[in-house]
Amino acid sequence: SGSIYRLKDVQEMLEALRSEFGEVSVNHPNRLEGDGMQLFKKQKVSAAKQTKRSACLNEAAVVVVTINRVQTLFSNPIFGDTSDGEASVEELDLLWRRSVRAAILEDP
């Protein structure tokens, strides 16, 4: 998905991230998102106090080319060893397909 933000909100968030967590918080997408959410939840940026809702278009208007660097920072147990009780990719796919089928059958 893609989002569009007001420039002043982005500038304030980047400044707050650097101040609170250091330069490292803006150099990786996961840290940017995780640390930014912490600041937002703690209302350390003005947008968190002013914004209650967001808007979206009826049709897609943004294409996001994603370069995933997540796995270099945080482990992703879903795609790893499943002996610890985590669901495998196949199990997750099966669960998803069953829920979609059930939703279709319930739809009047």
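Start by selecting helix H1 (residues 7–21) and helix H2 (residues 29–41): their axes come within 10 Å and cross at roughly 95°. An axis here is a line fitted to C-alpha atoms over the stretch in contact, and angles run from 0 to 180 degrees between N-to-C directions. H1 and H2 are therefore roughly perpendicular to each other, a label for angles of 65 to 115 degrees. Helices are DSSP runs of H or I with at least four residues, strands are E runs of at least two, and both are numbered from the N terminus.

This is a predicted model, in which local features need pLDDT of at least 70, side-chain atom pairs count only at pLDDT 80 or more, and totals for chains, interfaces and linings use all residues. Residues are numbered from 1 along each chain as its sequence is written, and side-chain values use heavy atoms, leaving out hydrogens and water.

Next, show the side chains where the two helices meet. On the H1 side, pick Met13, Leu14, Ala16, Leu17, Glu20 and Phe21; on the H2 side, pick Leu32, Asp35, Gly36, Gln38, Leu39 and Phe40. Contact means heavy atoms within 4.5 Å.

Now go to the loop between H1 and H2 and select histidine 28. Is this residue buried or exposed? At 6% relative accessibility, histidine 28 counts as buried (under 20% relative accessible area; exposed is over 50%, partly exposed in between, with a 1.4 Å probe and protein chains only). The histidine 28 side chain reaches the backbone nitrogen of asparagine 30 at 3.1 Å.

Move on to glutamine 43, in the loop between H2 and helix H3 (46–50). Its phi is near 55°, a positive value in a residue other than glycine. Glutamine 43 is partly exposed, with a relative accessible area of 40%.

Finally, zoom out to the whole chain. You will find four helices and zero strands, in the pattern α-α-α-α along the sequence. Of the 108 residues in the chain, 13% are buried. Among contacts between residues at least 6 apart in sequence, 43% join residues at least 24 apart.

Technical notes
Angles under 35 degrees count as roughly parallel, over 145 as roughly antiparallel, 65 to 115 as roughly perpendicular and the rest as oblique. A polar contact is a pair of N or O atoms within 3.5 Å; within protein, one must be able to donate a hydrogen and the other to accept it, and residues adjacent in sequence count only if both atoms are side-chain atoms.
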